[in-house]
Amino acid sequence: MSNGSVDAVGVPTPRVAILGAGAAGLCMAMQLQDAGIHSFTLYEKSDGVGGTWRDNTYPGAACDVPSHLYSFSFAPKTDWTRKFPEQPEILAYFESLVDSHGLGPHLRLHTAVTAATWNDDDATWDLELSNGEHVTADVVVSGLGQLNLPHIPDIEGLERFEGTVFHSARWDHDHDLAGERVAVIGIGASAIQFVPQVAKDAGQLTLFQRSVNYVAPKPDRPYKPWERWVLRHVPAVRKGYRASIYWRFEARFALMRKGNRLGRMLQERFGKEIAPLVSERLPAEALVPDYTPGCRRILIANDWYPTLLRPNVEVVTDGVAEITDHSVRTDDGREFDVDTIIFGTGFRSTEFLAPLRITGRGGAALDDVWQDGARAYLGVAVPEFPNLFMLYGPNTNLGHNSILFMIEQQVGYIRSLLVDMVRRDLAAVEVTPAAMERYDAEIMAAARRTVWAEDCHSWYKTDAGRITNNWPDYTVRYRRRLRHRVDSDLRLTPRRSRPAPTRTPAPTTR
Ligand code: NAP
């Protein structure tokens, strides 16, 4: 397998359409530049880059992967201000990559790709854009990821509510919550970050918490000036520090294995430590999870439990039955008058690539192929969808380490394929159905051996229980697989008599 570069002089390179200018799309673009492939366009529906870190601007938004692991290895950020990065600093990092890597001319903002259709005759993709335009690309790389469509549950009466309503990923910064009666529906990774901030301003805050989370302490603090200096100016220290974070996090996968002793010990210890907080106002069912740690994402925060103890905060564990013009009603018939409802209900995480309509060879719709749950070879490719690659696709999410690491491996794999397409004059690259089946059987068997398969509700799996989101192993094993490409798993179609792609700098307009 070659992971090199394309000779820049006189070699036609494929027109690559990258969907989404979030972390994944930017990483792909930078690596294509590095490989000498400049014929790409980054399509981005919003007005800027950064993806999830552009969308999620709620108060308190931060990452639970330490700063020095949260940048690409080939484009490290050296001046992080604290141990765990906050949203503005992360967004500034991704934004800085556009200039530092000359991506500006390749960016098409305010432009979503709404449909992609494979044309087998000339081995190209026809892309329909949000403005109705059509463009042709040889290769499509989706950087849409898993957490891009906010999920608002279908609760009866929601449309009748006369107050303010918004989702955490679409925070209404113009709305002042001071003194208001606020309801938060859905308590997950986002809510445990914004609730402590909202509680400081709101008059009354009611938390509708259907499932309880494990919330561990967050060892966060600003870096001291001398630490920042060393990390910035002594690359060997920075690299060693980054590696130490990676391996410390990597070791945590042991906690994700079904039946592991560590999980049982942690569950017991958590129960004991939380017991003193249990009261009539805060019953055990509001505080103590009834599932193994890791089955849902383990959260980290230092201000969560102090917030629950505030007099203006109430936790409601009954389900939400209905919303009226001025209140939230629960299954047990209680009614809570509120001025504003904030949804912390997460994302439509199992609907990969939605709402994009993708049609592969022979008119196969990806939605139909995935009707029992998304699956992709290495999380990257699907049979019958040639020259379509995914970043942060099915079964590549983690419960224990950095997603940027996974994205870098996928980008490296796709880069190697595209370089080979140029060098070997290939028209199409596609995974074989047999390889897909083999891979899927292996991944599902491994997923069944994890705590995610246990009895808890999480965004890692479909309603039917298929684990579609997580990589069920150590990330080093994922890296090994993507670095050692198995070409017998792929169908590599030479261009033969087909005309070579034109040397245009980007996908062409029809
Ligand atoms: P989430 O973790 O999926 O939490 C959504 C919550 O909403 C769940 O607890 C869910 O409960 C609840 N919910 C859904 N429908 C409901 C309904 N009808 N009534 C009541 N509750 C309902 O979503 P998120 O908090 O936005 O986080 C998603 C992911 O984004 C995270 O896991 C993480 O990967 C990423 N993220 C990371 C960070 C970080 O780095 N610190 C911060 C934010 C987000 P059930 O489980 O019972 O359905």
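How many aromatic pairs does the count come to here? The count comes to 22 aromatic pairs. One thing before I go on: this is a predicted model.

Okay, let me start with Tyr214 and Phe270. Their ring centres sit 4.9 Å apart, and the planes make an angle of 65°. Over 60 degrees counts as edge-to-face, so that's what we call this pair.

Now, where do the two partners come from? Tyr214 is in the loop between strand 10 (204-208) and strand 11 (215-216), while Phe270 belongs to helix 7 (residues 261-274). That's 56 residues apart in sequence, so the pair ties those parts together. And both Tyr214 and Phe270 are buried.

Tyr214 has another partner, Tyr291. Here the centres are 5.5 Å apart with 90° between the planes, and this pair is edge-to-face. Again, distant parts of the chain get linked: Tyr291 sits in the loop between helix 8 (284-287) and strand 12 (299-300), 77 residues from Tyr214.

So are these two tyrosines buried or exposed? Buried means under 20% relative accessible area. Tyr214 comes out at 4%, so Tyr214 is buried. Tyr291 has 6%, so Tyr291 is buried too.

Moving on, there's a cluster to look at. Ring pairs join up Phe72, Phe74, Trp80, Tyr93 and Phe94.

Last stop, Phe249. Arg252 lies over the face of Phe249, and the distance to the ring centre is 4.0 Å.

Technical notes
Residues are numbered from 1 along each chain as its sequence is written. This is a predicted model: local features need pLDDT of at least 70, side-chain atom pairs count only at pLDDT 80 or more; totals for chains, interfaces and linings use all residues. Side-chain values use heavy atoms; hydrogens and water are left out. Rings of Phe, Tyr and Trp (its six-membered ring) pair if their centres lie within 6.5 Å; planes under 30 degrees apart count as stacked, over 60 as edge-to-face and the rest as tilted. Helices (H or I, at least four residues) and strands (E, at least two) are DSSP runs, numbered from the N terminus. Buried means under 20% relative accessible area, exposed over 50%, partly exposed in between (1.4 Å probe, protein chains only). A charge sits over a ring if NZ of Lys or CZ of Arg is within 6 Å of the ring centre and within 35 degrees of the ring normal.
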